[in-house]
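Me: I would like to go through the terms used for this model one by one, and to see each value set against its definition.

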2 protein chains.
Amino acid sequence: VARILITCGPTREPLDPVRYLSNSSSGRTGLLLAEEALRRGHRVDLVLGPVGLAPPAGARVIPVVTCAEMLAACREAHPRSDAVIGAAAVCDFRPRAASTEKRRRGAPWLLELVPNPDILEDLGKRKGPRVHAGFALETESEPDAAIAHAREKLEKKRLDWVVINSPEALGGEEGFYLLLGREGPARNLGRLRKSELASALLEAVENSLKRSAPEPDKSDRV
Amino acid sequence: VARILITCGPTREPLDPVRYLSNSSSGRTGLLLAEEALRRGHRVDLVLGPVGLAPPAGARVIPVVTCAEMLAACREAHPRSDAVIGAAAVCDFRPRAASTEKRRRGAPWLLELVPNPDILEDLGKRKGPRVHAGFALETESEPDAAIAHAREKLEKKRLDWVVINSPEALGGEEGFYLLLGREGPARNLGRLRKSELASALLEAVENSLKRSAPEPDKSDRV
């Protein structure tokens with residue numbers, strides 16, 4: 001039995017009291033991962049952005065809205081986790097400043113967006129013996145370019161597993177997936193229902209957990 | 001029995017294949033208006049942005065994503081409508097250009113937003129004998145300023161009724177509302193459940209419909 005931290009859903013980055021920037025994400029994949037992890041007997045901390053779907057009973061849910069809130073919740077839960085699965089579609093830019101008053105319609109609006117922190121990269125710096133997995137949404141039409149880019153992400157964020165997917169999966173029931181580990185080539189999982197993808201990824205994470213020490217040292221080694 | 005065109009939910013304005021700009025809106029008010037209109041025996045055309053809630057059975061639902069799609073759907077349904085209630089939280093700015101590839105994280109991003117067309121103002125130009133109602137979300141702390149601004153909207157968009165609300169109502173079950181008509185002062189409705197607001201607004205729209213000709217001329221008179 002492992003304790004698994006799962007991030008799920010989009011984040012919203014406010015421009016003013018009514019407008020926000022966000023990412024397309026139904027949250028379906030993250031919720032299915034939480035469900036599958038619970039079914040396999042694990043404990044689940046679910047850091048959940050705004051979604052229209054209900055989280056599975058049995059998960060400890062930490063609701064968040066912005067990337068900053070999601071990062072803070074993850075940092076809080078991470079020290080007691082054995083594994084992390086970053087399934088959230090974090091909005092990776094935010095307005096430099098949010099206005100407290102609703103902006104009136106009218107002239108064009110030059111909006112300055114600044115990059116948000118990368119949550120998995122941040123947690124990777126305090127990874128220790130934990131198993132970390134993430135997703136890479138790739139829009140390149142060339143598979144080799146998509147895999148090369150996902151491998152860069154894996155190295156930079158110190159991930160054990162990266163699921164490569166494409167925008168077709170957004171909001172739907174299934175997608176086309178590749179699974180990339182630290183070693184070996186990317187494994188083509190083909191077209192899967194999201195529940196099947198959840199099962200395949202949990203399987204990979206469990207295998208990595210078995211290979212790590214039976215009494216993992218959970219101190220924040222870098 | 002009238003045929004009522006209701007817009008509902010937010011719109012989403014894409015920046016690239018995964019990111020979008022949107023407005024906070026659960027769609028609850030618009031869906032409750034549709035439900036209440038059906039209960040009163042009317043026919044409902046529901047132009048519905050992306051929401052997590054199911055529309056009431058019996059409404060003719062036209063799903064849309066962007067403001068441009070919502071405007072096109074409204075223009076199509078408007079000629080055969082007796083009344084229009086604009087309850088959608090239309091995103092009133094959109095990126096000047098949407099990128100077809102996902103933008104990489106990195107440097108700040110200067111995003112140029114341009115104003116979207118105003119759907120109720122557009123329909124107001126072809127109003128004819130129809131009853132038009134809309135919402136004005138006001139963030140001013142001064143009630144008089146909020147009412148003055150809502151009255152400007154009423155005139156400019158040729159509305160018969162404007163509901164003034166504030167951002168607290170977003171996503172919740174109730175709100176604080178004022179109802180402003182073409183004549184007389186704003187009526188303070190106080191704190192209402194959204195279902196109560198739906199009933200009060202449908203009442204006002206029905207009264208206006210009774211006052212208009214029994215056999216309304218539906219040609220596109222300006």
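This is a predicted model: local features need pLDDT of at least 70, side-chain atom pairs count only at pLDDT 80 or more; totals for chains, interfaces and linings use all residues.

Reply: Residues are numbered from 1 along each chain as its sequence is written, chains are lettered from A and ligands numbered from 1 in the order in which they are written, and side-chain values use heavy atoms, with hydrogens and water left out.

Me: What makes residues of chain B count as being in contact with chain A, and how many are there?

Reply: Contact means heavy atoms within 4.5 Å, and 37 residues of chain B are in contact with 37 residues of chain A. The buried area, which is the accessible area (1.4 Å probe) that two parts lose on being put together, summed over both, is about 3,600 Å² for chain B and chain A, with 53% of it on carbon and sulfur atoms.

Me: Why is the pair R19(A) and D92(B) called a salt bridge?

Reply: The term requires a side-chain nitrogen of Lys or Arg within 4 Å of a carboxyl oxygen of Asp or Glu; the closest N and O atoms of R19(A) and D92(B) are 2.7 Å apart, so the pair qualifies. Two salt bridges are found across the interface of chain B and chain A, while the count over all chains comes to 40.

Me: What makes E36(A) and R39(A) a salt bridge, and where do they lie?

Reply: Their side chains meet at 2.5 Å, N to O. E36(A) and R39(A) are three residues apart in helix 1 (residues 28-39) of chain A, and are therefore separated by about one helical turn. Helices here are DSSP runs of H or I with at least four residues, and strands are runs of E with at least two, numbered from the N terminus.

Me: How do you know that strand 8 of chain A and strand 8 of chain B pair?

Reply: Two strands pair if DSSP finds at least two bridges between them, and strand 8 (residues 109-115) of chain A has five bridges with strand 8 of chain B, in the antiparallel sense. Within strand 8 of chain B, L113 stands opposite W109(A), and L111(B) stands opposite L111(A).
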